[in-house]
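The points below are grouped by topic.

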Amino acid sequence: MSKGNILVIDDEESIRGVLSQLLSLDDFKVWQADNAQKGIEILKSEEIQVVISDVRLPDAYGIDLISKIKELNPLIEIIMLTAYGTIQDGVTAIKMGAFDYITKGDEDNKIILLAERAMEKVTLKSKLEKLESRIIERYNFDNIQGESFLINEAKTLARKVAATDTPVLLIGETGTGKEIFAQAIHNSSLRSGNHFVAVNCSAIAKDLLESEMFGYKAGAFTGALKNKKGLFEEADNGTLFLDEIGEMDYALQSKLLRVTETNSFIKTGDTKPTTVDVRIIAATNRHLEDDIKNEKFRLDLFYRISTFKIEIPSLKERKEDIPQLAKIFINQFSQKTKKKILNIEEDFYKCLLEYNYPGNIRELRNIIERAVILNEGGILTSDSLPKELREQKVLQTEYDAALSIEQVEKQHIINILEMTKGSKTKAAELLGIGLTTLYRKLQVYNLE
């Protein structure tokens, strides 16, 4: 099996032949070209991973060829050969993106090792590129499932703000997908080629969070044996996602505020400021306005991070999305567990719809995973679901039986209005009635 594809460009036939033979014996597939133009033609038609090229070619200066090759495919690694090596040429080649620069004859024994190392680097870069591509594909707005009014409204707002550098505050209960929204905003922004760094402010001890975020200099305190880059530096030119920002220590909030205002901070143990260019996306499941009144969260920081607020709806606010989400999770876990689901009974979905999901989408996902794992006959019924869901169904049935039709209708209208955040037009659409009819019912039930 071939180790990879290598192109040798050299106008001396004897050198091309020797190099090609050496590389072929080491299981590389080798192409040859005696000038730059032929080499470029081969690169356009074949999947070459490594180029070994003479510096002095009949129709080009090899150092200039580096940029042309990188334009065709930035993943290609290039090893430059020269009969008369100079330090300046070597430095220039490396700066322009060459993998290495070696002298002919004296270092022929190194060529196989260099080719193998260059091929390993190409393979690693290719894997990273594919991984990043899968991450972007997974975390984009099209993959945020659901067609309800509230989730579409949140996606529309997030798409609009993604193209800017405006700070975003995502508000929603635990398990609603705030980090997925943050990642999608980053991947749709001009910063998508740089790092997305996430930190859960509630998961790190308060006395450690500062050093995690801002780093420190060696010797700053006992145990600080070497310099440490903080998350702000890791996210430079990218996005920093501060999950559960309401849990951040009040004293640390002032330092965060300064970074958002000046784009700089001073590490522990340092005397010089570190400058960064970072977009902040924060998230919380708390009512920060209440925390501000109780002096647990800074008002000035709140204004800095909440320039653009997006509310991520809870699952109980978008129950019409549950069947779609359930089907997606059923497909995922049936493939993962290799269990074929032949049929899904109506009472299975009915039971799912009657539950309120304090853990939101994360809880629904866990419920479906459990149901698929425990399933034996390929048919999902309400009996496949946990006891608390089945009991909820019984309680709901008893509750409905005790109410009059008018009471049920009134409560249903109230629920829909809450779901649409008071939008009567959307509520009428979801109820399947005209807007005039809805206004009449609101008058009858004293809901205006």
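Two strands count as paired if DSSP finds at least two bridges between them. With that in hand, strand 3 (residues 50–54) and strand 6 (residues 77–82) run parallel and are joined by 5 bridges. Within this pair, Ile52 has Ile79 of strand 6 as its bridge partner. The model is predicted.

- An open sheet is formed by 5 strands in the order 2-1-3-6-7, with parallel pairing.
- Strand 2 (29–33) and strand 7 (100–103) are at the edges and have a single partner strand each, so one side of each lacks a neighbour in the sheet.
- From one strand to the next, the twist averages 20°.
- Helix 3 (residues 62–72) lies across strand 1 (5–9), strand 3, strand 6 and strand 7.
- The angle between helix 3 and strand 6 is about 170°.

**Helix 10**

- Helix 10 (residues 250–262) has 13 residues, and the distance from its first C-alpha to its last is 19 Å, close to the expected 18 Å.
- Its buried residues are Leu252, Gln253, Lys255, Leu256, Leu257, Val259 and Thr260.
- These buried residues pack against several elements, including helix 8 (206–214), helix 9 (231–234), strand 10 (239–243) and helix 12 (299–305).
- Strand 11 (264–265) and strand 13 (279–284) are also among the elements that the buried residues of helix 10 pack against.

**Nonpolar cores**

- The largest nonpolar core has 29 residues, and Met213, Phe232, Leu240, Leu242 and Ile245 have the most contacts inside it.
- At least two residues of this core come from each of strand 9 (196–200), helix 8, helix 9, strand 10, helix 10, strand 13, helix 11 (288–293) and helix 12.
- Helix 10 gives the most to this core, with 4 residues.
- Leaving aside residues up to four places away in sequence, Phe232 touches Met213, Phe214, Leu240, Leu256, Val259, Phe265, Val276, Val278 and Ile280.
- A second, separate core has 23 residues, among them Phe333, Tyr349, Ala371 and Val372.

**Helices 18 and 19**

- The axes of helix 18 (residues 424–431) and helix 19 (residues 435–444) come within 9 Å and cross at roughly 100°.
- Helix 18 is therefore roughly perpendicular to helix 19.
- On the helix 18 side, Lys424, Thr425, Ala427, Ala428 and Leu431 take part in the meeting of the two helices.
- On the helix 19 side, the residues are Leu435, Leu438, Tyr439 and Leu442.

Note on methods:
Residues numbered from 1 in each chain as written. Predicted model: local features only at pLDDT ≥ 70, side-chain atom pairs only at ≥ 80, totals over all residues. Heavy atoms only, no water. Expected span 1.5 Å × (residues − 1). Buried < 20%, exposed > 50% of the residue type's maximum accessible area, 1.4 Å probe, protein only. Contact = heavy atoms within 4.5 Å. Core = buried A, V, L, I, M, F, W, Y, C linked by side-chain atoms within 4.5 Å. Axes fitted to C-alpha atoms, helices over the stretch in contact; angles between N-to-C directions. Parallel < 35°, antiparallel > 145°, perpendicular 65-115°, else oblique.
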